[in-house]
Amino acid sequence: MTSDEALTPDAGPAGKAGRPAFDTSVANQARIYDYLLGGKDNYAADRAAVDAVLKVAPEMGFAARANRAFLGRAVRYLAAEAGIRQFLDIGTGIPTAGNTHQVAQAVAPESRVVYVDYDPIVLAHARALLTSHEAGATEYIDADLRDTGTILSQAGRLLDFTQPVAVTMLMILHVIPDSDGPQALVAQVMDAMPSGSYLAVSHLGSDLLDQEARQGFDNIVRRSAQQQYIGRSRAEMMEFFAGLDLVEPGLVRVEEWNPDPDTAETGRSTLWCALGRKP
Amino acid sequence: MVTVGPGGEEPFPDLAESSVDAAVLRMMLGTQLRRFREAAGVTPERAGYEIRASRSKISRLENGRVKLKSRDMSDLLTLYGVTDEDVRSKFIALAGQSSTPDWWARYSDVLPTWFEPYLGLEAAAATIRSFETQFVNGLFQTEDYARAVTGLGHKTIPGDQIERRVAVRLQRQDLLRRTDPPRIWSVMDEAVLRRPIGGRAVMRAQFRHLIEAAEVPHVTLQVVPFATGAHAGESGSFTVLRFEERDLPDVVYLEQLTGATYLDQRPDVEHYLEVADELSGAALTPAETSQFIAQIARET
């Protein structure tokens with residue numbers, strides 16, 4: 001196992017923008033996702049919010065599982081088919097089964113993975129639990145997605161930006177409002193990556209939820225969650241991939257992206273996803 | 001297929017290979033018994049009366065902390081109106097399986113009764129999270145350190161009993177070498193490292209042992225340095241035992257001099273988990289922790 005040396009204290013002030021406090025009395029994105037996936041690292045406020053959401057949008061449970069499965073298939077594709085050995089996972093979430101480095105290192109043990117999250121609980125759990133295969137390496141960066149400067153400079157300690165990198169931003173861009181320029185943030189990260197790098201995104205689809213469910217969902221989230229969720233349309237989703245070539249089958253719902261033939265669970269999620277390659 | 005219970009679900013789908021630890025089995029049986037009892041609207045007092053035991057015995061049974069005789073299982077199932085012969089025979093057989101002797105049974109002369117349930121829970125846990133303010137976590141103590149600690153509280157106890165206590169502590173550590181070891185995530189206050197237990201040589205060996213333990217993939221050690229100032233763990237040491245099965249409530253273990261408290265109500269457990277998360281966030285990272293221990297070892 002290689003280092004996960006202290007990367008926290010020097011995160012710039014910009015990195016603190018919108019950082020969630022350690023507060024278990026309001027629902028929190030990472031813990032909501034953990035609960036949807038069947039994890040135990042969540043608190044009463046998270047469960048109450050999820051239970052309320054599932055009443056208006058019952059497909060959210062399937063969506064969370066389908067997103068997790070998409071992560072597995074995309075990372076496996078990147079490691080096995082595309083030969084990627086460096087990963088930058090922005091928006092790590094609470095560790096559960098099949099984390100990025102485990103999927104990648106199962107294919108290529110020497111894979112190096114840098115995790116980025118701004119949530120203190122996620123970082124504590126990630127540092128403790130996401131331990132690398134000894135042939136590879138993992139590292140953790142305490143930074144907000146909006147602070148791309150910190151992310152790139154710190155990730156550069158473990159990743160070699162002259163070699164292709166796969167950047168994953170799964171279920172994270174939908175907490176970034178338009179006023180923070182999410183497309184520009186993605187472009188800043190991808191501009192730093194060499195040709196042959198990849199970008200994977202999954203995102204709440206504003207055009208995948210019906211009007212009623214969307215309003216109910218928005219109301220619950222506004223009332224009870226630390227982060228807001230901004231659904232985006234297929235067209236807005238495409239903007240994240242400007243200048244990149246989409247890998248087949250292109251922009252689809254997460255469960256439709258190269259599904260495993262033996263997938264037991266079927267359903268219809270509310271999440272768009274795509275994988276793009278930098279030419 | 002056996003159908004059973006309020007939800008009509010099959011009991012213990014995970015037990016197909018029945019390789020499961022006796023302690024887990026007791027907990028699963030207990031959880032299922034509680035469901036039966038509640039569905040039948042039977043009070044714990046009434047259930048206790050049925051098997052010539054107290055209300056608290058029922059509570060301990062349902063938490064999997066005591067062994068269940070096949071005859072008591074049979075009587076309780078009857079009281080709860082479980083008449084399906086397939087279900088009954090499965091439960092009665094499992095009750096027999098769950099009371100196979102535990103390895104620590106032969107140390108019962110030196111084990112306080114309040115500590116025995118901990119050994120079962122520890123062996124059954126998928127994740128063990130602890131915060132230590134005083135001593136190195138028992139799972140990572142060297143033999144000499146364990147002997148020094150054991151001697152402290154028991155000045156009047158004969159030497160051979162101390163050796164038996166040390167033997168129990170070392171045998172607990174076998175779970176670290178299991179094929180499916182639990183994930184152990186232990187945060188300790190810097191005071192644990194600074195308190196010279198057993199002298200310099202013992203402490204130096206203990207530091208080396210900790211640094212080695214931290215290398216094990218399923219072990220995470222973190223130190224909260226004095227420099228952190230006041231922290232969330234002011235109330236003292238605690239251990240949270242977490243189980244893979246969603247049905248099994250996690251348990252907080254708090255030890256006192258003459259007894260122990262086991263908390264399994266969700267709000268209590270979550271409060272401790274919250275503190276554990278905060279402590280882990282405030283602590284040195286695992287990599288920094290190993291360097292920190294090495295530094296203290298050089299100063300010792």
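A nonpolar core is a set of buried Ala, Val, Leu, Ile, Met, Phe, Trp, Tyr and Cys residues joined through side-chain atoms within 4.5 Å. The model described here is predicted. In its largest nonpolar core, which has 50 residues, A:Phe87 and A:Trp257 touch the most other members.

**Nonpolar cores**

- Helix α3 of chain A, residues 59-80, supplies the largest share of this core, with 11 residues.
- Beyond its neighbours within four places in sequence, A:Phe87 has contacts that include A:Val75, A:Leu78 and A:Ala79.
- Also among the contacts of A:Phe87 are A:Thr100, A:Ala104, A:Val113, A:Val114, A:Leu159 and A:Val165.
- A second, separate core is made up of 47 residues, among them B:Phe115, B:Leu121, B:Ala124 and B:Ile296.

**Backbone features of chain A**

- Most residues other than glycine have a negative phi, and most peptide bonds are trans.
- The peptide bond that joins A:Glu248 and A:Pro249 is cis, with an omega of about 5°.
- A:Pro249 is placed in the loop between β6 (245-246) and β7 (252-253) of chain A.
- A:Met171, although not a glycine, has a positive phi of about 50°, and this residue is found in the loop between β4 (166-170) and α7 (182-191) of chain A.
- Because buried means under 20% relative accessible area, A:Met171 counts as buried at 17%.
- A:Asn258 is not a glycine either, yet its phi is positive, at about 40°; A:Asn258 lies in the loop between β7 and β8 (271-277) of chain A.
- With a relative accessible area of 36%, A:Asn258 is partly exposed.

**Interface of chain B and chain A**

- The size of an interface is often given as the accessible area lost when the parts come together.
- Between them, chain B and chain A bury about 1,800 Å², of which 51% is on carbon and sulfur atoms.
- At this interface, 23 residues of chain B are in contact with 20 residues of chain A.
- There are 3 salt bridges across the interface; one of them links A:Arg47 and B:Glu270, whose closest N and O atoms are 2.8 Å apart.
- Polar contacts between chain B and chain A number 10 residue pairs, both residues being at pLDDT 80 or more.
- On the side of chain B that touches chain A, two or more residues each come from β2 (183-189), α11 (266-282) and α12 (286-299) of chain B.
- The largest share of that side, 8 residues, comes from α11(B).
- By class, the side of chain B that touches chain A holds 12 charged, 7 nonpolar and 4 polar residues.

How values were computed: Residues are numbered from 1 along each chain as its sequence is written. Chains are lettered from A and ligands numbered from 1 in the order in which they are written. This is a predicted model: local features need pLDDT of at least 70, side-chain atom pairs count only at pLDDT 80 or more; totals for chains, interfaces and linings use all residues. Side-chain values use heavy atoms; hydrogens and water are left out. Buried means under 20% relative accessible area, exposed over 50%, partly exposed in between (1.4 Å probe, protein chains only). Helices (H or I, at least four residues) and strands (E, at least two) are DSSP runs, numbered from the N terminus. Contact means heavy atoms within 4.5 Å. Buried area is the accessible area (1.4 Å probe) that two parts lose on being put together, summed over both. A salt bridge is a side-chain nitrogen of Lys or Arg within 4 Å of a carboxyl oxygen of Asp or Glu. A polar contact is a pair of N or O atoms within 3.5 Å; within protein, one must be able to donate a hydrogen and the other to accept it, and residues adjacent in sequence count only if both atoms are side-chain atoms. Ala, Val, Leu, Ile, Met, Phe, Trp, Tyr, Cys and Pro count as nonpolar, Asp, Glu, Lys and Arg as charged, and the others, Gly among them, as polar.
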